[in-house]
Amino acid sequence: MNIQINLGGCAMKYDVEAVRRQFPAMERKINGYPAAYLDGPGGTQVPQRVIDKVVDYLTWHNCNIHGVFATSVETDNMLLETRKAFADFFGCAWEEVSFGANSTTINFNLGNAIARDLKPGDEVVITDIDHECNRGPWEMMEERGVIVHNVKVDLEKCIIDMEDFKSKLNDKTKVVAFNYASNGVGTVSDVKKMVALAHEVGAITVVDAVHYALHGSIDVKDLDTDFLFCSAYKFFGPHIGVLYSKKERLEALRTIKVREQDDWAPYKFETGTLNHEGIAGAAEAIEFIASIGETYGSGFEKELEGLSGRRRNVAAGMLAIEAYDQPITEHFIDELEKISGVKIYGPPKGHPRTSTVSFTMNNKSPKEVAEYLAERGIFVWDGDFYASKLVRVLGLRESGGLVRVGLAPYNTMEEIDRTLDAIRELAAK
Ligand SMILES: Cc1ncc(COP(=O)(O)O)c(C=O)c1O
């Protein structure tokens, strides 16, 4: 099915079938039903070109770094080229891109490094809407006498309480950590404003863009954040994590590393041998997004003003993906609201959000809902997805958390209608 994308007065058709053809996993059937991958917030499917890139690396270039022979030189080049691809993804210099195992490991390493320069009585600020990945490393600092403040969430709207946020900042605040978008309920926060407020008191900002990265173009220079991380497996790539660090911040940081490791950005953040095949695949995931942008970029001339090359195509790709996803999301929310016994958790209409929708049903637990859908070939997550604090403050921990439906650019309106039909059936039971 083709959905009309309308933006800036320019209309074009998003050819979802052409996108789907690139993902071998779309061929799967479960109990005779075509698999509907609405589990994207936990990790997306992977296009053939990414799979080919991983295989190509392992087949022809597999090696460690800094040797003088072909495979090693190629590996060094591949790592540099992938840093450049992520520089276009983030809008930064390649020297500001470091690789790691995953976002959680990256953030623990970052937290441990920052903690070396903190003293008892210093303060850090985290939020109730965050994934444990951007809470755990900072909460652990309590052991060192650091005071940890939790910013409240407006429970009706599932958005950060900005007055509470401001009230937690003072001249003792050393680190402020928050997400760009909530993997629990899809809320996109005003991160630019939050970074600016944190900088007013001289704090370091750490933005978790893991959920957001599939849903919008990232511009770290515009955000002005000190650090930002994401995970390639959330946007068509293999399981690796990537860190953006403002160069001068990383240069000043006493990172956790072996003595022999280079002591400058971006290498000083990296420990041991990296996941080379995963990194090779991640570069191709960015090329995949850029290819969507190349196809649909002409619809976004105004938004893309001043951008060129792959950076422009990546930004265009993200705009096209969201322009496709958002009307389907709205349709899903509108229809879901009509089903009796369903309660949706997330930001109010008009507030920035990703195409991730979470809800509960009053006659079935989230696990029962997910199981019912799974039998029909519809993959959705249930639980707290490590947005554990949010689920707890929403009072949903004991009842099994939330059901989470997440759209990726290979999902269709038909899949959402199938999902709605199944939820209606279940509600009537
Ligand atoms: C918002 C958010 N932050 C952090 C993470 C953790 O990422 P990783 O699995 O790469 O450690 C996730 C994973 O679901 C996430 O959704």
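Tyr180 touches Thr187, Val188, Ser189, Val191, Val207, Asp208, Ala209, Tyr212, Ser217, Ile218, Leu223 and Leu228, leaving aside residues up to four places away in sequence. The model is predicted. In it, Tyr180 sits in the loop that runs between strand S11 (173-179) and helix H7 (191-200).

**Tyr180**
- Tyr180 has a relative accessible area of 9%, and it counts as buried because the cut-off for that class is under 20%.
- Ala323 is 143 residues away from Tyr180 along the chain, and the C-alpha atoms of the two are separated by 19 Å.

**Thr44**
- Thr44 is placed in the loop between strand S5 (36-37) and helix H2 (48-61).
- The relative accessible area of Thr44 is 8%, so this residue is buried.
- A polar atom of the Thr44 side chain lies 2.7 Å from the backbone nitrogen of Phe236.
- Beyond residues up to four places away in sequence, Thr44 touches Leu214, Tyr233, Lys234, Phe235, Phe236, Ala408 and Tyr410.

**Lys246**
- Lys246 belongs to the loop between strand S14 (241-245) and helix H9 (247-252).
- With 12% relative accessibility, Lys246 is classed as buried.
- There is a polar contact at 3.0 Å between the side chains of Lys246 and Asp224.
- Asp224 is also one of the residues that Lys246 touches, along with Glu96, His199, Thr225 and Asp226, when residues up to four places away in sequence are not counted.

**Fold and dimensions**
- The protein chain contains 14 helices and 19 strands.
- Its C-alpha trace spans about 65 × 50 × 40 Å along the principal axes.
- The radius of gyration of the protein chain is 21 Å, which agrees with the value near 22 Å that a compact globule of 429 residues would have.
- Among contacts in the protein chain with a separation of 6 or more, 69% are between residues 24 or more positions apart.

- Buried residues make up 56% of the 429 residues of the protein chain.

Note on methods. Residues numbered from 1 in each chain as written. Predicted model: local features only at pLDDT ≥ 70, side-chain atom pairs only at ≥ 80, totals over all residues. Heavy atoms only, no water. Helix = DSSP H or I, 4+ residues; strand = E, 2+ residues; numbered from the N terminus. Rg over C-alpha atoms; globule rule 2.2 N^0.38 Å. Buried < 20%, exposed > 50% of the residue type's maximum accessible area, 1.4 Å probe, protein only. Contact = heavy atoms within 4.5 Å. Polar contact = N/O pair within 3.5 Å; in protein donor to acceptor, adjacent residues only side chain to side chain.
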